Amino acid sequence: MLRDEAYRVLAGNWREGSLADGTTYGFTCPAPPRYRHQWYWDSCFHAIVWRHFEPARAREELRTLLRGGRLDGFIPHTIFWHDNAGWRRAPFYATHSLRGNRGTAHIQTPLLALAWELVASRSSDDPGFRTEALDALRLHYDWLGRHRDPDGDGLISIIHPDESGLDDSPKYDAVFGWMSHYLPGYFWLVERSRRLRYDSRAIIARYDEHIEDVMVNVFYALSLRALARLTGDDAYRVRAERTEEALVELCWDEERGLFWDLAGSGHMPLRVSTWSSLAPLALPSIPEEIARRLIEEHLLHPRRYRAPYGIPSVSMEEPSFQAGWHLFRCWRGPSWINTVWLLAPALARFGYETEAERIVGSCVKLVERHGFREYYNPLSGEGLAARRFGWSTLLVDLLGGGDGAAAAPGEPFVGSLRDELRSISAEVAGETLGRLNRRAQAAAKRLRPG
Ligand code: GLC
């Protein structure tokens, strides 16, 4: 059931075609009509799930992502294949100019090599896939090392908050302030990057708003390891280890038992507990005592991350934690499935299988009740934001994938602005009702005698 529904979501969101110059594309958009383009990390997650249904589409999704990149190894955060960035969203995109761009000029959490290896493992029908793009993959990770690690400490930097994919996470508030992703100042952030032609080294040298983000570097290290296995080139394993060591040496806070992102050239730790602080749990080299502290003091702590549904994106103890939906702001509390995808297997690896199963089981309930939504309220389990959201199907991968074809899809879901407005209104109404209800309950409690 869940598997069939996942297939329907991915197949319904699939877009393919060719451009005027003959370039072909095939990818899954995250959730039309809101997210109509190809997003880097979404595509990696989609491909990881597609490999269980139709490995050929998984391969095409990753090949398309590479095709959207430049010859020097840069791959955009978002690629506009079939559809230009619409008037409503174009100004929010970090492009070189307002019109005429094929993709953005900034990056997103780079897990392509990891996804490539996972897809290759299900590609017995096309064994050449594993090695067909090694040069391009090398170029990509070499570009990241060269352009995003100017201080050479092994940790790559992001220059815009949404480059991690954790757009509005409260951990970025102190750094980006009025230029945060959800505030009008974000336009200025984009504009000043445009003025420096998105030359990341120049931007990092000139402005101090850049971050060595823990979660980004965890995926980077996992991908460097995958690339080492794909190419047989040990240099990438050495690079991965260097990143992992830097995470422990520079980001680990022994006192708090968490990893912090480092901001600016002064490496200021951003002490807000978000799921990113727990992400190093997924590293193969994580020292056991650190892993146990992350798990016992945080991930399974009832006041921090042990919520009824999924894993909250922000510790419930943080003042910025918000369980529900917020117009224009995400990653400030709700549970996302990709978080569980990264952390639940790590939890099981350290012997907490029952807890890992509990978390995955809670996600099954979420999807059964509300479908594949963009994210969910970790306390009430309510489904929030976009519907038919692609990477929430990662739950299928977490459940072992299963084999063979799933039920045939219905008509592809294209959607319209009207549908989108309707869905946003439903979200707003739901949230407002919930809030009123909670207030009424609190008032009733106060009035109750005794
Ligand atoms: C939101 C998410 C981001 C994702 C994008 C497309 O902006 O924060 O991580 O890539 O949607 O799904």
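Biologist: Where is Arg197 in the chain?

Modeller: This is a predicted model, and in it Arg197 sits in the loop between helix H8 (186-195) and helix H9 (200-206).

Biologist: What is its phi, and is Arg197 buried or exposed?

Modeller: The phi of Arg197 is near 50 degrees, which is a positive value in a residue other than glycine. Arg197 counts as exposed, because its relative accessibility is 67% and the cut-off for exposed is over 50%.

Biologist: Where does His267 lie, and how exposed is it?

Modeller: His267 is found in the loop between S8 and S9, and with a relative accessible area of 23% it is partly exposed.

Biologist: How do S8 and S9 pair?

Modeller: Strand S8 (residues 261-263) and S9 run antiparallel and are joined by three bridges. Across that pairing, Ala263 stands opposite Met268 in S9.

Biologist: Which strands make up the sheet they belong to, and in what order?

Modeller: It is an open sheet of three strands, in the order S5-S8-S9, with antiparallel pairing. Strand S5 (211-212) and strand S9 (268-270) are at the edges with a single partner strand each, so one side of each has no neighbour in the sheet.

Biologist: Changing topic, what about S1 and S2, how many bridges join them?

Modeller: Strand S1 (residues 14-18) is joined to S2 by five bridges, and the two run antiparallel. Ser18 has Thr24 in S2 as its bridge partner. The hairpin of S1 and S2 has five residues between the strands, and there Gly22 takes a positive phi near 95 degrees.

Biologist: And what kind of peptide bond joins Pro32 and Pro33?

Modeller: That bond is cis, with omega at about 5 degrees. Pro33 belongs to the loop between strand S2 (24-28) and strand S3 (38-39). For context, most peptide bonds are trans.

Biologist: On to the helices, then. How do H10 and H11 cross?

Modeller: The axes of helix H10 (residues 214-231) and helix H11 (residues 234-251) come within 7 Å, and they cross at roughly 160 degrees. That makes H10 roughly antiparallel to H11, since angles over 145 degrees are counted that way. The crossing of H10 and H11 is left-handed.

Biologist: What about H3 and H4, at what angle do they pack?

Modeller: H3 and helix H4 (residues 112-120) pack at an angle of about 155 degrees, and their axes are 10 Å apart. H3 is therefore roughly antiparallel to H4, and H3 passes H4 in a left-handed crossing.

Biologist: How long is H3, and how many of its residues are buried?

Modeller: Helix H3 (residues 55-67) has 13 residues and reaches 18 Å from its first C-alpha to its last, which is close to the 18 Å expected at 1.5 Å a residue. H3 is mostly covered, with 10 of its 13 residues buried. The buried residues include Arg57, Arg59, Glu60 and Glu61, along with Leu62, Leu65 and Leu66.

Biologist: Now the cysteines: how many disulfides does a search of the whole structure find?

Modeller: The search of the whole structure finds zero disulfides. For Cys29, the nearest cysteine sulfur is that of Cys44, 16 Å away, whereas the cut-off for a disulfide is within 2.5 Å. Cys330 is in no disulfide either, and its nearest cysteine sulfur, that of Cys29, is 18 Å away.

Biologist: Are Cys29 and Cys330 buried or exposed?

Modeller: Cys29 counts as buried at 1% relative accessibility, and Cys330 is buried as well, with a relative accessible area of 12%.

Biologist: Last one, where is Ala386, and how far is it from Gly310 in space?

Modeller: Ala386 is in the loop between strand S11 (383-384) and helix H15 (394-398). Ala386 and Gly310 are 76 residues apart in sequence and 17 Å apart in space, C-alpha to C-alpha. Ala386 is buried, because its relative accessible area is 4% and the cut-off for buried is under 20%.

Terms used. Residues numbered from 1 in each chain as written. Predicted model: local features only at pLDDT ≥ 70, side-chain atom pairs only at ≥ 80, totals over all residues. Heavy atoms only, no water. Helix = DSSP H or I, 4+ residues; strand = E, 2+ residues; numbered from the N terminus. Expected span 1.5 Å × (residues − 1). Buried < 20%, exposed > 50% of the residue type's maximum accessible area, 1.4 Å probe, protein only. Pairing = 2+ DSSP bridges. Axes fitted to C-alpha atoms, helices over the stretch in contact; angles between N-to-C directions. Parallel < 35°, antiparallel > 145°, perpendicular 65-115°, else oblique. Left-handed = near helix turned anticlockwise from the far one by under 90°.
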